[in-house]
Amino acid sequence: VRIAREAPSWGYSRIQGALANLGHRVARTTVARILKQRGIDPAPERGKGTPWSTFLKAQWECLAAADFFTIEVWGLRGLVTFYVLIVMELSTRRVHLAGVTPNPNTAWMMQIGRNLTDPDGVLAGKRFIIMDRDTKFADAFRTMLSECGTEPLRLPPRSPNLNAHCERFVRSIKSECLEQMVLFGEHSLRRAAACFVDHYHEERNHQGLENRLIDPAPNVGHSDGDVECRERLGGMLRYYYREAV
């Protein structure tokens with residue numbers, strides 16, 4: 001079963017041979033029966049389409065993901081809902097604040113697209129970008145990305161697990177930072193979000209990266225020097241480090 005799932009193009013005879021290499025001598029019909037019982041199709045059907053996990057591993061270095069989240073900000077006329085667009089480089093987990101606006105219309109999205117696909121933009125060299133079916137990712141926006149060499153991959157409806165890295169970042173920035181603050185105006189939101197992104201890159205250990213930092217300082221891991229604490233946003237975000245000797 002493991003071989004069939006990890007090598008979807010292998011037929012019954014090839015799996016039979018692989019099992020023989022491992023000391024298991026079974027008939028081809030036995031292989032077929034076991035896989036049928038587990039609901040695993042024969043090789044021609046099983047090999048159609050690439051599993052999502054396999055696709056991600058194969059395209060990891062040239063894959064990005066995008067997601068929106070909303071946050072309430074106090075303005076002159078009361079609470080205003082702001083939309084924040086993030087883009088993540090999946091191989092490094094680096095996050096970029098692509099834009100902040102209370103009105104993410106098509107014209108705004110097209111300008112964001114031009115920024116992202118600039119030669120120095122986040123999507124330079126990226127073959128694919130994962131995004132959900134949010135209507136803010138309009139046809140014109142997706143067409144622009146495709147024409148610039150980055151193919152949008154639209155996920156099925158209601159499938160946040162397929163964009164899990166972005167979803168996890170959104171949960172972190174909200175619970176650890178933005179939802180702990182009273183934000184006044186767009187500038188306040190941008191400042192807080194930028195502070196968290198810097199903290200996220202330089203000071204926050206990531207379990208998905210074997211509990212390492214994304215951008216560690218040269219003295220990370222050293223045991224010499226006094227222990228200091230760097231605070232951001234009035235101590236809401238903290239990082240403990242060794243003062244360089």
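The largest nonpolar core in this predicted model has 36 residues, and those with the most contacts inside it are Leu 63, Ile 86, Ile 130, Phe 169, Leu 178 and Leu 189. By nonpolar core I mean a set of buried Ala, Val, Leu, Ile, Met, Phe, Trp, Tyr and Cys residues joined through side-chain atoms within 4.5 Å, where buried means under 20% relative accessible area, exposed over 50% and partly exposed in between, with a 1.4 Å probe and protein chains only.

A word on the basis of these values. Because the model is predicted, local features need pLDDT of at least 70 and side-chain atom pairs count only at pLDDT 80 or more, while totals for chains, interfaces and linings use all residues. Residues are numbered from 1 along each chain as its sequence is written, and side-chain values use heavy atoms, with hydrogens and water left out.

Returning to the core, the elements that give two or more residues to it are helix H5 (52-59), strands E1, E2 (78-89), E3 (94-101) and E4, and helices H8 (164-176) and H9 (185-202); helices (H or I, at least four residues) and strands (E, at least two) are DSSP runs numbered from the N terminus. The largest share, seven residues, comes from H9. Apart from this core lies another, of 19 residues, among them Ala 66, Val 87, Ala 98 and Met 109. Ile 86, leaving aside its neighbours within four places in sequence, is in contact (heavy atoms within 4.5 Å) with residues including Ala 65, Phe 69, Val 95, Leu 97, Cys 166 and Phe 169.

Now the strands, which pair if DSSP finds at least two bridges between them. E1 and E2 run antiparallel and are joined by 12 bridges, with Phe 69 opposite Val 84 in E2, and a hairpin leads from E1 to E2 through two residues. E1 also pairs with E4, in the parallel sense and over three bridges, and here Ala 64 stands opposite Ile 129 in E4. Ile 129 has a bridge partner in E5 as well, namely Pro 152, and E4 and E5 (residues 151-154) run parallel, joined by four bridges. The chain crosses from E4 through H7 to E5 in a right-handed β-α-β crossover, meaning that, with the strands pointing away from the viewer, the path from the first strand over the helix to the second runs clockwise.

The structure holds seven aromatic pairs, counting rings of Phe, Tyr and Trp (its six-membered ring) whose centres lie within 6.5 Å, with planes under 30 degrees apart called stacked, over 60 edge-to-face and the rest tilted. Phe 68 and Phe 137 form a tilted pair, 5.3 Å centre to centre with 45 degrees between the planes. Phe 68 lies in strand E1 (residues 63-75) and Phe 137 in the loop between strand E4 (128-131) and helix H7 (139-147), so the pair ties together parts that are 69 residues apart in sequence. Both residues, Phe 68 and Phe 137, are buried.

Lys 136 lies over the face of Phe 68, at 5.0 Å from the ring centre, the criterion being NZ of Lys or CZ of Arg within 6 Å of the ring centre and within 35 degrees of the ring normal. The charged end of Arg 230 sits over the ring of Tyr 241, 5.0 Å from its centre.
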